[in-house]
Number of protein chains: 6
Amino acid sequence: MKRICLINPNTTRSMTDACADAAKLVVGDRLHIEAITVASGPESIEGHYDGAVASVGLMETLMANPDADGYIIACFDDTGLDAARCLVNAPVVGMGEAAFHIASLVSHRFAVITTLSRSVPIIQHNLERYGLSRRCAGVLATDIPVLALESDDGEAEKRIEEQMVRAKALGAEAVVLGCAGMVSMTRRLSEKFGMPVVDGITGAAGLVGTLIDLGIATAKLGGYAAPVSKAYHGTLSSFGTAAD
Amino acid sequence: MKRICLINPNTTRSMTDACADAAKLVVGDRLHIEAITVASGPESIEGHYDGAVASVGLMETLMANPDADGYIIACFDDTGLDAARCLVNAPVVGMGEAAFHIASLVSHRFAVITTLSRSVPIIQHNLERYGLSRRCAGVLATDIPVLALESDDGEAEKRIEEQMVRAKALGAEAVVLGCAGMVSMTRRLSEKFGMPVVDGITGAAGLVGTLIDLGIATAKLGGYAAPVSKAYHGTLSSFGTAAD
Amino acid sequence: MKRICLINPNTTRSMTDACADAAKLVVGDRLHIEAITVASGPESIEGHYDGAVASVGLMETLMANPDADGYIIACFDDTGLDAARCLVNAPVVGMGEAAFHIASLVSHRFAVITTLSRSVPIIQHNLERYGLSRRCAGVLATDIPVLALESDDGEAEKRIEEQMVRAKALGAEAVVLGCAGMVSMTRRLSEKFGMPVVDGITGAAGLVGTLIDLGIATAKLGGYAAPVSKAYHGTLSSFGTAAD
Amino acid sequence: MKRICLINPNTTRSMTDACADAAKLVVGDRLHIEAITVASGPESIEGHYDGAVASVGLMETLMANPDADGYIIACFDDTGLDAARCLVNAPVVGMGEAAFHIASLVSHRFAVITTLSRSVPIIQHNLERYGLSRRCAGVLATDIPVLALESDDGEAEKRIEEQMVRAKALGAEAVVLGCAGMVSMTRRLSEKFGMPVVDGITGAAGLVGTLIDLGIATAKLGGYAAPVSKAYHGTLSSFGTAAD
Amino acid sequence: MKRICLINPNTTRSMTDACADAAKLVVGDRLHIEAITVASGPESIEGHYDGAVASVGLMETLMANPDADGYIIACFDDTGLDAARCLVNAPVVGMGEAAFHIASLVSHRFAVITTLSRSVPIIQHNLERYGLSRRCAGVLATDIPVLALESDDGEAEKRIEEQMVRAKALGAEAVVLGCAGMVSMTRRLSEKFGMPVVDGITGAAGLVGTLIDLGIATAKLGGYAAPVSKAYHGTLSSFGTAAD
Amino acid sequence: MKRICLINPNTTRSMTDACADAAKLVVGDRLHIEAITVASGPESIEGHYDGAVASVGLMETLMANPDADGYIIACFDDTGLDAARCLVNAPVVGMGEAAFHIASLVSHRFAVITTLSRSVPIIQHNLERYGLSRRCAGVLATDIPVLALESDDGEAEKRIEEQMVRAKALGAEAVVLGCAGMVSMTRRLSEKFGMPVVDGITGAAGLVGTLIDLGIATAKLGGYAAPVSKAYHGTLSSFGTAAD
């Protein structure tokens, strides 16, 4: 059976497990999902800094798993996505881009609901790069920390519902939930608000499965050409070990 | 088994068959492809006029097949796609948009190679609407009539290869083949030119399959709301019967 | 005297008459307006589906009236406009595009007030295609059905005035009324709100008259090339006769 | 009879006369064209500097002719157009914008052929401001000085024809001739190259005539509000008298 | 010592002095600032008309001061900036563009707070031309006349603070103060609202100083080529002397 | 004296030295340049992968040098720029963005000449993010490896000159040299081709000096907010030590 390698670029294993469970529901019958938590990196990816320091751990993980038939980067910011496409031969799909493309297939305009306002410019940049910013009615922040999504007091859902209301008012016909931790809420929110609610993990699983089915891999003659050298000089130690 | 209804909005059955064969290779194991040729319409869709007159036949076909789990519009111009989304509840994917989204997942920039230069503005408009025009390095015409693609003298492939060379020179890292009749050439061209070559029919099959797997249907609270009335007043006769 | 053929692509004759009366006020002295209601089509054009099914009736009407010196498509969504330009040699102007171009000549930014929210994405797509979306401060829906505009209870005007206030708040300096049924209100609204209010029918009459005066017809060497064949295979009957 | 004031913002009277003759052919029967050459300004407008110094003479001329029913700025760069709209109540149309709007009504994409390459960025800026840059396939310079267009040696036409060929290769379906001095060539070029060739002066005459017919004047509640004061402090002498 | 010529294109000397004082704080140690008020022009620049009539006085001033090492146009609308670049060889920086570029270096999105709403479209046009409109979250007007900024009753600051609150709500991370008269407030507002507040005069002083340090002057082979002739025909008298 | 920390995010010290020398020529009199080579990272940054793996070393270097008055990221791809802005309080300027902003102040359109074609999409993405893509006439690759720029056989300059010619043909009025190793060629190329040639290192030195002079630091209330935690879990070892 063909194999999809789902990599969580932060070190929180419970988040990896939740992503894997969701992805398996979509493609589990015909494709094997192998979920991997990076060995080193930030605990969650909240903003530019976390994304930058997560890159090396992500590259290490890819190099240690070079033979999958497809890869999913399980971070809504699509951290390291372009670099990953240079490093491996099989197709790679980011959780954010997957959600945006899926939402584009079922609505004229969609909104994105994310956790922290510091993530808003990152998501806006990605939308611009992908070309899909004109399809987006707004990137809305709930200001819930990523890890708080895992607690059970209902505050997270209340804040997400407030942003669902705002999304509708902005003319969005569909909503993308912009955080791996929100995956369990999609069905309920979709029913309550009467609009498609798209999660990136399941979307990425579907899209990378499609690329595998189609036999289409990443272009290698331009910006995604394989690195001339993967060498990395010196050692990284000053803050890596301290925080372990 | 869930069922995808693939509709060819022109009346050329051999083209429907070729599309169905290609689509089945992608999803045949887990989804049933039901290929339908419209009962009435133009022989091929080459330009704005053909697209406009094809719409009614397409709507009739959709109304006669309301229960599929997903729909593919097998025309690279995505003729009638928006109207189809209003009419049925299951997800609908166009052959053109499918190819553009797939190509966006494996390249920074792609080129589109189509048949007639009169189709170029239509494809450019679609790319702008979808937001993906900035991902497109150029829409290139071979000036081969759609039906001539089915002949065997090699002229069609020669002209397509000329445009492959041009696509590379424009900085495209992948190529979309913009005509249902080109589906059989993708693998050979991809190998010869060392770049992904994306066909819309197989792409649409993969994407609508993904939407079915994800349980995501078209948004119905905005521009894709169901028609208030499907009624059509008067009869269409003056040129329909004449050409039959 | 030169002759403009004004075609209403829906089957409601009272709307055709109102459009013709408005157009005649603009060009009646020097150009003859011949107003035609399509023989078959939807009762009003509200959304993508109605636009798609209206296309064939519109093409039939154009083929039956090939000799006018200019054409107006009397539908704010510019239904079938591109196809019409392929089919006839004389210039064709759509009601929506006319209003947008006129408003661009007298304001930095304009707003569009239309009837149903399902028409908003269609108008936004058209503005993007024409290039004028950046001139538009917003497309606002009153949520009045098109045919209700003809009733006399004042509700329609009240809702339009609410959107006039909103248009000003969005920074619009002029307003386009986005429905054929709103033509009678332009002068009163313009005076009450102190800003230009542009109607598409009179705008289209003026612009197609200008194109006739200039001797400029549609380009025929690219996307508007004449159809290779106007043939239409099969008959359209399943829902056409039923609704008659 | 209503009166259009056509103002040439450079001091070359022969150019004013040629513009007036062209404009009269379009609207002469129903509207009076009054052509005025500014009393002071540059001999021709070639680039940013000429445009800037032409503004004061243009404003003086407008203040001396406040009662026209419409105004044409007979300079392809639309010099002083925005300021003119603030100063007078009747509608004002620039020669450049008129040509771009007209070309947009008859083609998917048009090219602009102008005289000097130093004018190219000015025209590109205007297209961006108007929103029509995406309709433009290219702004091409012949590198003929404006006044040389009036000589008779055929060199000017040869260079323009070279750019017509280039325009077609860029995918333009229509061409805008971007200089007042080119007005006499439109018909011949259109026939030779089989595509619409749009001149701005006749276009502006048609469009301002349309605005007059429609009773639509410039919006006055935003950026085109009347100046708080028209006062100008000090005298302008250092280079004005020297060059006279 | 190298010399920057700061030109105020309106005739209000107190505004020139305030600009010069601010600019000297930035570059005074290493570059000489020579502040010049135009001899003729409007009292303040509020809208398109004032900008147009200010151009000739600005050009006269530049011609009388041809030997500076750099120039600042001390008007937030960047009046006459392009023409100035044609006329002199040393680099020229406008107050508006300077502020936009500076704000782009310290924030994802910035807002612009200006005085009159009639200036909003001018600033929006400039942002579009420079390419920085996508970096701008909104151009907000306080509706304080430029000269009223010099009075001391606190009304001006109150209105600016209201717009600071609005800027934050629009997602701006930094604010540009869009008027020469606001320069004294930047530090206090920045501290109160906890975000960078950028003033154009000091920004322009820094940027033109940088261009001088780098030895980079304006490109002269395209749109900024030197005028073929600086001649101006006729005299300007009708409203210049009257208002003096 | 205030202190600028110039960080080379690759491990090639000779490149750091060349950058430092260039930067000192610009600001050496009034600001101290402290040039630092990262302790760990790739030998040069050529493409997405190198950029991603360089990020951690760059963050370590910033954390070890938290007290500078300003920072320069000496990599044309602006690697890690956004993350750096989150991490330190003083302003940070990237070499690429500096060059684009400087070129925007002296030309309508500029071209970028870089080394490898795999860097082209990275530079295009950055231009889009900054908003300056519309100011760019093209990103052109010489296909010289970064380190080969340091050899002396003239091949590098020959290839750069070929692209200078191409840049002019594309309508560029200025050229940005897109690689740290090209800094020594700017003056000669500028003189030979008669157009401004902008280098990013000296540009960044000028711009960060300006930000220091203006007292303007990075906005901290949105996407550049300080990281909640700088902690990094686990150790990075698998390829770091191997390549040392």
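Two residues are taken to be in contact if their C-beta atoms, placed from the backbone, lie within 7 Å. The structure described here is a predicted model, to which the predictor gives an ipTM of 0.94 and a pTM of 0.95 for the complex. In chain A the mean pLDDT is 91, with 93% of residues at 70 or more. Residues 237-244 of chain A, however, have a pLDDT below 50, and this stretch makes 18 contacts in the model beyond near neighbours in sequence.

The contact between chain C and chain B involves 52 residues from chain C and 52 residues from chain B. On the chain C side, at least two residues each come from helices H2 (48-64), H3 (81-87), H5 (120-130) and H9 (240-243). H2(C) contributes the most, with 13 residues.

Chain A is assigned domain 1 (2-94 + 203-243) and domain 2 (96-200), whose C-alpha centres are 22 Å apart. Their contact draws 19 residues from domain 1 of chain A and 23 residues from domain 2 of chain A. Helix H1 (13-27), strand S4 (92-94) and helix H8 (200-214) of chain A each give two or more residues to the domain 1 side, and H1(A) gives the most, with 5 residues.

The two sides divide by residue class as follows.

Beyond four places in sequence, the contacts of E:Ile72 include E:Ile4, E:Leu6, E:Val93, E:Met95 and E:Val208.

Notes. Residues are numbered from 1 along each chain as its sequence is written. Chains are lettered from A and ligands numbered from 1 in the order in which they are written. This is a predicted model: local features need pLDDT of at least 70, side-chain atom pairs count only at pLDDT 80 or more; totals for chains, interfaces and linings use all residues. pLDDT is the predictor's confidence in each residue, from 0 to 100. Helices (H or I, at least four residues) and strands (E, at least two) are DSSP runs, numbered from the N terminus. Domain bounds come from an automatic or database domain assignment.
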